[in-house]
Amino acid sequence: MKKVLIVLNPCAGTRQANRYFADIIDVFCKAGYQVSVATTAKSGDGTDIARERAHEFDLLVGIGGDGTFNEVVAGVLESGADVPLGYIPAGSTNDFANSMGLSTNILRAAEDIVNGQVKTLDIGTFNGRYFSYVASFGAFTRASYEAPQSIKNALGHLAYILEGIKDIPSLAPLEVRVNMENGIYGGKYLFGAVCNSTSVGGLLTLSEDYVDMNDGKFEVLLIKSPGNIIELNQILFALSTGNYANCNMISFFSSGDLEIEASSDMAWSLDGEYQEGSDRIHIKNIRSAIKLMTRNDSK
């Protein structure tokens, strides 16, 4: 009999997964799985559980927000186990799930895992720490990990906007230098993201024409700090239309390997979780690092 380990974050989002948990288990049992369950109680538990137990199972499933999935991914990669992953999104924004087209209906997501197909995906490392879809700095970055969970649950994406707005008056330009395969970018920036996703923080949307989540490259977006209202309007127009190439306030390119120089005091966010800054940062794309169960579109 096949064996699945379900890693549940019982505090994620509005805790809707808790209400349907018996039904979720039933979906896997009916599909022929022997089900084991582990719950997380604090940050890092998902990684520890996956690292220690991944080799025992035919499938690992994370239930929670993108941070929970990040931890499960990290644990599996650290374990070296070649085991497919499932993700039942139950967080506040679920950027990664939205990019993958995963259902936010709890039971449908479970059914899609057991009836789905395997898709390989790139994963990133930030000075050795794994991230699933984005490493970001600057405007709105703090909101992803500082907005109170109760507010996130009630307001969803709006919570990040409201929390981020509080940052704007105090935001100072961030001096950053980015070295990559085809050139060097440097200057004072308001925001930057190294991502493998069509949605970042519920705030920024990238066209599917730009994003391939299994090509060995990240999409890199750097937004210069505006000096006046005209430059700010140029940025807002480019972001709203997706026309990054024609805005001289935005640098947008793809890269699989970046060396970044910045102040060690500059905080980052990895998949919505806090990451301490460093004066030298190496971000690398690991192509086809994980196997994810996704919806079988042929059915």
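**Entry 1. The model**

I noted that this is a predicted model, in which local features need pLDDT of at least 70, side-chain atom pairs count only at pLDDT 80 or more, and totals for chains, interfaces and linings use all residues. Residues are numbered from 1 along each chain as its sequence is written, and side-chain values use heavy atoms, with hydrogens and water left out.

**Entry 2. Helix H10**

I looked up helix H10, residues 229-241. Helices here are DSSP runs of H or I with at least four residues, and strands are runs of E with at least two, numbered from the N terminus. The expected span of a helix is 1.5 Å times one less than its number of residues. The 13 residues of H10 should therefore span 18 Å, and the end C-alpha atoms are 18 Å apart, which agrees.

Asn228 caps the N-terminal end, with a side-chain oxygen 3.1 Å from the backbone nitrogen of Ile230. Just after the helix, Gly242 takes a positive phi of about 75°.

**Entry 3. Salt bridges**

How many salt bridges does a search of the whole structure find? I recorded nine, a salt bridge being a side-chain nitrogen of Lys or Arg within 4 Å of a carboxyl oxygen of Asp or Glu. Side chains of opposite charge can pair when their charged atoms come close.

I also looked up accessibility, where buried means under 20% relative accessible area, exposed over 50%, and partly exposed in between (1.4 Å probe, protein chains only).

**Entry 4. Glu78 and Arg51**

In this salt bridge the closest N and O atoms are 2.7 Å apart. Glu78 belongs to helix H4 (residues 66-79) and Arg51 to helix H3 (residues 45-53), so the pair links distant parts of the chain, 27 residues apart. Glu78 is partly exposed at 41%, and Arg51 is partly exposed at 31%.

**Entry 5. Lys291 and Asp82**

I found these side chains in a salt bridge at 3.1 Å, N to O. Lys291 lies in strand S17 (residues 280-294) and Asp82 in the loop between H4 and strand S4 (85-89), 209 residues apart. Lys291 is partly exposed at 31%, whereas Asp82 is exposed at 62%.

**Entry 6. Arg280 and Glu261**

The side chains of Arg280 and Glu261 form a salt bridge at 3.6 Å, N to O. Arg280 is in strand S17 and Glu261 in strand S14 (residues 257-261), 19 residues apart. Is Arg280 buried or exposed? I recorded Arg280 as exposed, because its relative accessibility is 55%; Glu261 is partly exposed at 27%.

Key. Polar contact = N/O pair within 3.5 Å; in protein donor to acceptor, adjacent residues only side chain to side chain.
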